[in-house]
Amino acid sequence: MSGSGTFLGMPSFPENAEKALQDSQLRFNLRKATHTIRGKRAAVVEELPDWQELRAAGKAIKDDALRNLDRYLLQAEEAITKAGGHVHWASDAAEANEIVTGLIRATGETRVMKVKSMATQEIGLNEALEREGITAYETDLAELIVQLGDDWPSHILVPAIHRNRSEIREIFTEHMAEWGRPAPEGLSDDPRTLADAARLHLRERFLSTKVGVSGANFLIAETGTLVVLESEGNGRMCLTLPETLISVVGIEKVLPTWRDLEVFLQLLPRSSTGERMNPYTSMWTGATEGQEFHLVLLDNGRTKVLADEIGRQALRCIRCSACLNVCPVYERVGGHAYGSVYPGPIGAILTPQLRGMASELDASLPYASSLCGACYDVCPVAIDIPEVLVHLRSKAPHAPAERLGLTAAGWVLDKPVRLERAQRLATRFRGLVPKRRLPGPGAAWTATRDVPAVPEESFRDWWQRTEEGGGR
Amino acid sequence: MRVALFITCVNDTLFPDTGKAVVTLLRRLGCEVEFPTAQTCCGQMHVNTGYRDEGVRLARHFLDVFGGYDAVVAPSGSCAAMVREQYPKLAAGMGATRAGAFASVHQGRSPFAQEVAEVTPKVYDLSEFLVDVLGVTDVGAYFPHRVTYHPTCHSLRGLKVGDRPVTLLRNVRGLELVPLPAADECCGFGGTFAVKNAGVSAAMCADKVANVMTTGAEVLCAADNSCLMHIGGTLSRQRAGVRVMHLAEILARTEAAR
């Protein structure tokens, strides 16, 4: 149940966050995991003297790709078609799901295996296939944990980051049998033993499934090559063993030239897993011998995002997760609170742009940040996430009470004389301001914080009294 | 040099002692300080909460008030960052979509972007002004206490003030500076975030306070009273016995004035 559809009707971010904050196990797991990856990333980024140049190059290449998307996509289509592949264009999730369902139906199969893919989660492909009687099996270890646990992913790179090993042992023991080869008897929570259990379970899957579904990290326009980076090798099994391979890829994944990989194959692994190089990089161009290949190019709101001059930089994202791992908000609430397959800072700017801000949840996402700027610092393609957050806040619907408060504050601050009067009013009644329990929205402040004492005199009045000969 | 003090609305209203300390300090260092009384607010709260039009109105007012000075000094990394880092982005963002509407409202005045380009580079956070403009790292202060320093996010990642505040503190006689663990992590204030996402904000602050307590410091120092109001409010609620002080108030203390 990992599709976008399942998040519909979720409460706003603050409500989800309050609930998550009560889960001490979750906070412990997240803190440990994010700090570990954070440290690894910092170490491998620090060792590169030209990291900032690489980052600037990554940004420039992506900006060029986005600016000339129309041309590059057609170029990629031509190259892939020439190499024996088939290219399909999907304007939204429903169309993409329909195309993939049709392609699987044509093979006569009812089971497919999947490479870890954000695009297929975004469109809720697994759920759509299930409705058509087709079972999709996740093969990425973390996605497998999520699928077996009937859970949602909570991180882009490590979707089961919210689970610790004893929870994983429990999930394997209880649910593996429902999906295929059961977990071995007496399974322990030793990481190696758990990995072995998953390996046995998945090996059976790889050898018996004839259709594979993937996404891609990059799509090279000049050659039509698709690129998948992964750590486990399970992705490569899914890409190479099946008779039919279907890849669902967002249109923003395009890179103009093969040479551009030089930059991104450095930026991505260092930013995501904190490795100099990822263990498996698979590249393929069109159909290979004995395999049929289909590429489904997915828009699903991306063209709309491209039209927003400030918001469009979110499309540069290469899904590395560095912003999640460094975010103090994400660290404390986890991914589920964001109600989207894209959690964390990037989710807070991507989800409201892709889905719009009609729901309470989506409208609350741009506010799910203290604007500390740590995400911008680590982003390998220099997405100014705080800038986009602030931009989206100006487009989000505002609650009437809040609007009233800020309009009043704006009116007071508009003229120095009004500010002065407001300050004198505050100082005159300073004794009435409670230290520990404010009314109304102020109660959220005093739940954990005392209120500073209002001074006897504002700075402005002090200045005028002492510097300008006795005020007015 | 005509130096204008941009006190910021929060300091003006709630923390006048910080403003008095800045005046004392700058005069001691030979500056002539002016306080343009027409000033109000940089507009950060409005812009960052999603009320861009109101924020831009306040930004315009700021540019009008501080236009003629050689330097504008603010005892707030966050407000200085708003002016220097966010005003240009606001101007750029208005370029295509809002320029027309904006120009018609403010006919006959120089375009917003031009004023931003002229005024904002002269706006400094206190530590930047002391170290970069005046060229002093030892301001002749005396403060015999154990102090830890929290580099607030907008000073650190917005203005990129680096180790300037720490250098200034190291040169204060009698002061024992103890490093704050995980110093660069946000305290959780975030303006209206502190109220809109109060639970997360409090959770972030709980960790910040725990780190402060491990230092054994008597005083937590920062260059932003908004963050200090948040951390200090939590310390006070917990009766932690740690005081919070703005950087300016420590730098203004001398042995003579003890």
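**Figure 1. Strand 5 and strand 7 of chain B run side by side in a predicted model.** Strand 5 (residues 146–149) and strand 7 (residues 219–222) of chain B run parallel and are joined by three bridges. Strands here are DSSP E runs of at least two residues and helices are H or I runs of at least four, numbered from the N terminus; two strands pair if DSSP finds at least two bridges between them. Look for B:Tyr149, which stands opposite B:Cys221 in strand 7. This is a predicted model, where local features need pLDDT of at least 70 and side-chain atom pairs count only at pLDDT 80 or more, while totals for chains, interfaces and linings use all residues. Residues are numbered from 1 along each chain as its sequence is written, with chains lettered from A and ligands numbered from 1 in the order in which they are written.

**Figure 2. The open sheet of chain B has four strands.** Its order is 6-5-7-8, with parallel pairing. Strand 6 (176–178) and strand 8 (243–246) are the edge strands, each pairing on one side only. On average, neighbouring strands of this sheet are turned by 35° against each other, direction ignored. Helix 13 (residues 225–237) of chain B lies across strand 7 and strand 8, running at about 170° to strand 8. For such angles, axes are lines fitted to C-alpha atoms (for helices, over the stretch in contact), and values run from 0 to 180 degrees between N-to-C directions.

Figure 3. Setting aside residues up to four places away in sequence, B:Ile250 touches several residues, including B:Phe143, B:Leu169 and B:Met245. Contact means that C-beta atoms, placed from the backbone, lie within 7 Å.

**Figure 4. B:Leu159 lies in helix 9 of chain B.** The helix spans residues 153–159. B:Leu159 counts as buried because it has 22 C-beta neighbours inside 10 Å. The cut-offs are 20 or more other C-beta atoms within 10 Å for buried and 12 or fewer for exposed, with partly exposed in between. Beyond its neighbours within four places in sequence, B:Leu159 is in contact with residues including B:Gly77, B:Arg84 and B:Asp125. B:Leu126, 33 residues away in sequence, is 11 Å away in space, C-alpha to C-alpha.

**Figure 5. Helix 8 of chain A is mostly covered.** Eight of the eight residues in this helix (residues 141–148) are buried, among them A:Glu143 and A:Gln147. The buried residues pack against strand 3 (135–138), helix 9 (165–179) and helix 10 (191–208) of chain A. Just after the helix, A:Asp150 takes a positive phi of about 50°.

**Figure 6. An open sheet of chain A shows mixed pairing.** The four strands follow the order 8-5-6-9. Strand 8 (254–255) and strand 9 (280–285) stand at the edges with a single partner strand each, so one side of each is left without a neighbour in the sheet. Strand 5 (residues 218–220) pairs with strand 8 in the parallel sense over two bridges, and A:Leu219 stands opposite A:Val254.

Technical notes: Contact = placed C-beta atoms within 7 Å.
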